[in-house]
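These notebook entries record what I looked up in one structure.

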Amino acid sequence: MGKEMLFPDYIFESSWEVCNKVGGIYTVLSTRANTLQKVMKDHVIFIGPDCWGADRDCPYFTEDDSLFGDWRKQALSENLKVRTGRWNVPGSPIAILVDFKQYYDRKNEIYTRLWELYQVDSLHAYGDYDEASMFSYAAAKVVESFYKNNISGEQKVIYHGNEWMTGLGLLYIKHTLPQIATIFTTHATSIGRSIAGNNKPLYDYLFAYNGDQMAEELNVQSKHSIEKQTARFVDCFTTVSDITARECAELLDKPVDVVLPNGFENDIVPSGAVFTRKRKAARQRLLAVANALTGSNLGDDTLIVSTSGRYEFRNKGVDVYIEAMNRLLREKSLKKSIVAFIEVPGWVGEPRQDLTERLDSGRQYDTPLEVPEITHWLNNMSHDSVLGMLKHLDMHNDKDDKVKLVFLPCYLTGNDGIINLSYYDIVLGNDLCIYPSYYEPWGYTPLESIAFKVPCITTDLAGFGLWANTEKGGNSEIQDGVKVIHRTDYNYSEVADQIKETVAAYSNFTEAEVKEARSNAEKLSKKALWSNFIKYYYQAYDFALNSAQKRMQINNDKIN
């Protein structure tokens, strides 16, 4: 931290994913919390949405009425409905959950003021814009109230918001409490994600895209507007990788001030005999499910591979993953059977009763179930992208197929009705994980994979893939723990071929070569621990606090 660097006395950090497990940002914040808590000792306070209401307990949050009792009474008198407690993650940081529903009645007034002060266009809002914005406003009101009642004017304070959903609150704080330093982190730009998700080439034409024009064309004007104006007006604008930094400069017309790569804590990774036992249990369960579905007899020498993440069919590379598995069916150098899982949550209906009955029986079956590619029924089986592509490619897990593909369309929380193990208890059972993303600002899934000693395949369009290449000092290969495939707007077929060839080659690795690749994967993951990456946050804190101090000095000079 160097003596010359400014450091905050308090940090407030808000996100829609505080105590609300939705995606990768939950992992970013919850794993970093322990590192900050050790340094800040309850002076880092996370603010999240109270999505649960009075009648349901949040499984990620333990309420504690002894925290800030006097302030909670004051907050209630200000019509702030909050719950104070601890986030159930390592470090047990303080968390405040805020109910934001009462602000819907004032949203037009709030949006009008936002336009007057910062020219944020909320006219085209739809979907989750209102929900996110009202939460953001409520979170900022929490910061304002807490600051005025509990913090002295000499103390250095930071308000850090994640994603466009916190932009309104950041701008509110910037206007009402200019002495608080503001940091905005975009983990992915809304317009970049939209361009990629709409099958438009993002990277070759990045220099030519006009963000405002594309936002209008793709109907994301309001999200783009709040993101762009927040980036412009906060004290420190950040993102998570160099690839997304280029995107911000082109599409938001604002270069980032600091890049904050996503770190990791490996305390979720078991060791020794526990790791061995859990890996064996995961493999047994995965193979049992695949065998019951397909009527096969896949043994422990089967190569288990998977992809996982949000259900963004093209952006996460699910399409090219399926294509690669289809090509593996005809790969003559493949020496092992493969079962390939797709672990992305779809519009899931219920666990398959026929599959459950087979699993419970403990018997071996030699005939497949109907639709032997999926573990749970979907609410709309005929309009699912994964099932549609499998049908198009005529992939039906036939008995003689060396490659079986199984779609697990639910969150792996441990009680899905079929696997009944959590994601972290499943991922360590894989031999390879494959994440051939087209749009991936960072990429937590490959980082988690290698932390569990599972080599992975990713691309250089993912921030993590670029980082892995940088650490290698060249192109990282599967024996290094991570195979980074070069991906562009147009080389889909080459990517599928490289995945196919890498999996086939790995299937022929000797026991010693597998051991080396697994060891290298684990070693690389340790370079991404928060103890190595937290320094970038310290740089951002210093940048933001210096910016706020200069602003206050200018304001004081004007007054005097």
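**Entry 1: largest pocket**

What volume does the largest pocket have? I recorded a volume of about 1,400 Å³ for the largest pocket. The model is a predicted one, in which local features need pLDDT of at least 70 and side-chain atom pairs count only at pLDDT 80 or more, while totals for chains, interfaces and linings use all residues. Residues are numbered from 1 along each chain as its sequence is written, and side-chain values use heavy atoms, with hydrogens and water left out.

I worked with a 1 Å grid over the protein atoms alone, where a pocket is an open set of points with protein on both sides within 12 Å along at least five of seven lines, a cavity is a set where a 1.4 Å probe fits but cannot get out, and lining residues have an atom within 4 Å of a point. Grid points are joined across faces, edges and corners, and a volume is the space filled by probe spheres set on the points.

I found 49 residues lining the largest pocket, with Glu17, Val22, Gly23, Gly24 and Arg310 closest to its centre. At least two lining residues come from each of H1 (24-40), H4 (129-150), H6 (190-197), H14 (423-427) and H15 (444-451); helices here are DSSP runs (H or I, at least four residues) numbered from the N terminus. H1 gives the most, with 4 residues. I sorted the lining into 22 nonpolar, 14 polar and 13 charged residues, counting Ala, Val, Leu, Ile, Met, Phe, Trp, Tyr, Cys and Pro as nonpolar, Asp, Glu, Lys and Arg as charged, and the others, Gly among them, as polar.

**Entry 2: second largest pocket**

I then turned to the second largest pocket, which holds about 320 Å³ of space. Its lining has 16 residues, and Arg279, Arg283, Asp300, Lys336 and Asp431 lie nearest the centre. Helices H10 (272-294) and H18 (511-526) each give two or more of the lining residues, and H10 has the largest share with 5 residues. By class I noted 5 nonpolar, 2 polar and 9 charged residues.

**Entry 3: cavities**

How many cavities of 30 Å³ or more are there? I counted 3. The largest cavity has a volume of about 40 Å³. Its lining consists of His124, Ala125, Tyr126, Tyr129, Asn219, Val220, Gln221, Ser222 and Lys223. H8 (residues 221-233) supplies the largest share, 3 residues. The lining has 4 nonpolar, 4 polar and 1 charged residues.

**Entry 4: H11 and H17**

I looked up how H11 (residues 318-328) packs on H17 (residues 492-507): the angle is about 55 degrees and the axes are 8 Å apart. Axes are lines fitted to C-alpha atoms, for helices over the stretch in contact, and angles run from 0 to 180 degrees between N-to-C directions. The two helices are therefore oblique to each other; angles under 35 degrees count as roughly parallel, over 145 as roughly antiparallel, 65 to 115 as roughly perpendicular and the rest as oblique. Among the contacting residues (heavy atoms within 4.5 Å) I listed Val320 and Met325 in H11, and Ile499 and Val503 in H17. The contact has 10 nonpolar, 1 polar and 5 charged residues.

**Entry 5: H3 and H5**

For H3 (residues 107-118) and H5 (residues 167-176) I noted an angle of about 60 degrees, with axes 11 Å apart. H3 is thus oblique to H5. Residues of H3 including Ile110, Leu114 and Leu117 meet residues of H5 including Leu168 and Leu171. I divided this contact into 7 nonpolar, 1 polar and 2 charged residues.
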